[in-house]
Amino acid sequence: MSDETMKNGDLAVRPVISPKEAEKMVWAFIHHGNHSRYEQMKGHPKKTIEKWFAENGQPLPRVISKCRVFFTTAVPFVENFIGSTWTILADGQGNAKASITKGFRSEPEMEVDGPGTIGVDYASKFESACRARDKAIDGASLDELHTAIIKGVASIESYVAHRVDIWNHSLVVDVRLTDSKGAKVSFEEKIKNWIPIMTGGAKLDLGGAMWVDFMFLQSIRDNDAIHAKKFAHGASFADLASALNKFKTGIADFLLQLHIIFGEASPRVVIRARFFPEVYVQEKVK
């Protein structure tokens, strides 16, 4: 989303985030982003990391101050811009092959033989959700809001499935986690019961805005709650802005917290979406 598109139409986005949010975002990239120094920086004291940034010409107070300008400033060293989908190019003889292997698997999860594309499912879905979010803001579009929610919820479901697949193929698994037509397991049960099994007891905090906002957005997707039914056919700009602001807590933060609890580095797009500036209704100048 560019500076220009931020201000066209009925909805707009604050171009700057607060100093506190900027600081949280920078540290989220340092501790949880999928950058090349992720393993090196994991577990290091804050002062050691601050010293490293200063010695490399990027003192963190200055970095944090600059990163308040959300759309034009990147976090140096730790913001990885490689996306979820890669293009496979052929060599001089027209040959091309790529595969993705994860966790304890010896065989590829996905394989492409020949020129094409390959990617990570949950991250690709989340990137699509963010593109729809931006379109929803640019055009004050209810349809794009629905797309953002559908893709966003699907990305969380896909990430949980990704972790379950790793668990079930690990060498230390005691209990296989299965969800089938004959033994259906709800998403909520997976969050409340399966995650502690896979993490050795660690649980997500479901007592705050993250879970409340996720349930609200999920209800819009499913159109099964009285307060969400108005989004099926129309919504005020204020309601649109409110729902879009819930995307960062109910979907982006949810996905980020899942990465954190599993100790898996997070794609930049997830961290950026978690700290996305406020969406608001723009007053028309008469």
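Trainee: Let's begin with the whole chain. What share of the 286 residues in the protein chain is buried?

Mentor: Keep in mind that this is a predicted model. The protein chain folds into 10 helices and six strands. Of its 286 residues, the buried share is 45%.

Trainee: And among contacts between residues at least 6 apart in sequence, what percentage join residues at least 24 apart?

Mentor: Take the contacts in the protein chain between residues at least 6 apart in sequence, then pick out those joining residues at least 24 apart. That fraction is 69%.

Trainee: On to helix α9, residues 237–262. How far apart are its end C-alpha atoms, and why does that agree with its 26 residues?

Mentor: At 1.5 Å a residue, the 26 residues of α9 should span 38 Å. The expected span is 1.5 Å times one less than the number of residues. The model agrees with that, because the end C-alpha atoms of α9 are separated by 37 Å.

Trainee: How do α6 and α9 run relative to each other, roughly parallel or roughly antiparallel?

Mentor: The axes of α6 (residues 142–168) and α9 come within 11 Å and cross at roughly 10 degrees. Angles under 35 degrees count as roughly parallel. That therefore makes the pair roughly parallel.

Trainee: By class, how many residues in the contact of α6 with α9 are nonpolar?

Mentor: On the α6 side the contact includes Leu145, Ile149 and Ile156, and they meet a set in α9 that includes Leu244, Phe247 and Ile251. By class, four residues of this contact are polar and one is charged, while the nonpolar count is 17.

Trainee: Now phenylalanine 126 in helix α5, residues 121–139. Is phenylalanine 126 buried or exposed?

Mentor: Leaving aside neighbours within four places in sequence, phenylalanine 126 touches Ser155, Phe247, Ile251, Ala252, Leu255, Val269, Val270 and Ala273. Its C-alpha atom is 8.0 Å from that of valine 269, 143 residues away along the chain. With a relative accessible area of 0%, phenylalanine 126 is buried.

Trainee: Last one: is histidine 233 buried or exposed?

Mentor: Histidine 233 sits in the loop between α8 (209–222) and α9. Its C-alpha atom is separated by 8.3 Å from that of leucine 142, 91 residues apart along the chain. The cut-off is over 50%, and at 79% relative accessibility histidine 233 is therefore exposed.

How values were computed:
Residues are numbered from 1 along each chain as its sequence is written. This is a predicted model: local features need pLDDT of at least 70, side-chain atom pairs count only at pLDDT 80 or more; totals for chains, interfaces and linings use all residues. Side-chain values use heavy atoms; hydrogens and water are left out. Helices (H or I, at least four residues) and strands (E, at least two) are DSSP runs, numbered from the N terminus. Axes are lines fitted to C-alpha atoms, for helices over the stretch in contact, and angles run from 0 to 180 degrees between N-to-C directions. Angles under 35 degrees count as roughly parallel, over 145 as roughly antiparallel, 65 to 115 as roughly perpendicular and the rest as oblique. Contact means heavy atoms within 4.5 Å. Ala, Val, Leu, Ile, Met, Phe, Trp, Tyr, Cys and Pro count as nonpolar, Asp, Glu, Lys and Arg as charged, and the others, Gly among them, as polar. Buried means under 20% relative accessible area, exposed over 50%, partly exposed in between (1.4 Å probe, protein chains only).
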